[in-house]
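Here are my notes on this one, for a first look. Have the structure open beside you as you read.

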Amino acid sequence: MTLGWTTAVLDTDKPGGWAVARSSEGFLYDDNGALFPREWLKRQDLAILAEHGIGHLDGEPVYLLELQRPDEVPGCSWKGLRAFMLEGDHTLYKVLGYAAQIGTWAREHRFCGNCGQAMLQVPRERAMYCQPCELRSYPRISPSMIVLITRGDEILLARSPRFVTGVYSTLAGFAEPGESAEECLVREVREEVQIEVKNIEYLGSQCWPFPHSMMLGFHAEYAGGEIVCQEDEIEDAQWFNVHALPPLPASRSIARYLIDVYVARRLGHAEPVLPG
Ligand SMILES: NC(=O)c1ccc[n+]([C@@H]2O[C@H](COP(=O)([O-])OP(=O)(O)OC[C@H]3O[C@@H](n4cnc5c(N)ncnc54)[C@H](O)[C@@H]3O)[C@@H](O)[C@H]2O)c1
Ligand SMILES: [Mg+2]
Ligand SMILES: [Zn+2]
């Protein structure tokens, strides 16, 4: 038996195992968490849009019930994925993050983008298939660059109008077709703050299932320019001394990891570990 969480495409015709239920309100949970005995969950009065076999947790099969609406189940409530990321057990968050991405992708690929016909789930493969035009659609993953820019003891952090009040974070942005990770990083930094960077160093990656980003994390050094914030996207950007940092992003985010690694290196402390 493999301990921990591994993804797999499971046959939904087989009975048993665990199940999670997802709706527009997030995941169903009770005092025992968000995993329910699957046969019990399917006996509840739920409007099931689709079922997906998504993997194994400690060797036990796990399924996703994708619901049409947030139905009421006695003794249970609904909670968004972000709350599971912020508070809960990390392995459970990984299961739910994967479930959310599969559920969103399957829901958004019920019809072929080429001919408009209904698509079918391919058995034993994570793909939706259109018979008339033989198109296969795979889960969508959006590569995004995220970078901490530094200048000696100072780090560049910015605020988007979408952030929690007071919080400053690293710069980030989605890759466009035709560019490398490094080209994307240089373009995003220019667009958002009009700064030039050098000595780009890759530090690690993180799945960010909101809704389907793959974060590629970098450190870069300041090379020139004055901060000019991009209208609408960046509310404020500043150089902060590592000894006087503002409120920072959640501890499980790669943004926080990039900041913590640099601060640790600068102050000679032990380096943190990047949460997957
Ligand atoms: N895990 C972390 O620590 C962390 C920190 C910061 C940002 N992020 C994530 O990084 C991603 C990118 O950051 P951003 O919001 O600053 O991006 P961005 O700077 O590229 O700007 C966002 C804009 O990009 C466009 N867009 C939306 N989805 C897109 C897609 N899939 N492909 C291309 N363009 C798209 C929209 O116009 C949107 O307003 C987001 O998913 C964000 O949540 C994660
Ligand atoms: Mg951005
Ligand atoms: Zn088609």
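1. The largest pocket lies between domain 1 (5-108) and domain 2 (142-267), because both give residues to its lining. Those domain bounds come from an automatic or database domain assignment. Keep in mind that this is a predicted model, where local features need pLDDT of at least 70, side-chain atom pairs count only at pLDDT 80 or more, and totals for chains, interfaces and linings use all residues. Residues are numbered from 1 along each chain as its sequence is written, and side-chain values use heavy atoms, with hydrogens and water left out.

2. That largest pocket has a volume of about 1,000 Å³. Of its 34 lining residues, R82, R162, F163, S169 and W208 are the closest to the centre. A pocket here is an open set of points on a 1 Å grid over the protein atoms alone, where a 1.4 Å probe fits, with protein on both sides within 12 Å along at least five of seven lines; lining residues have an atom within 4 Å of a point. The volume is the space filled by probe spheres set on the points, which are joined across faces, edges and corners.

3. What about the second largest pocket? It holds about 250 Å³ of space. Its lining has 16 residues, and L10, D11, T12, Q121 and P123 lie nearest the centre.

4. Is E188 buried or exposed? E188 is buried, at a relative accessible area of 11% (buried means under 20%, exposed over 50%, partly exposed in between, with a 1.4 Å probe and protein chains only). C130 is also buried, at 0%.

Notes. Chains are lettered from A and ligands numbered from 1 in the order in which they are written.
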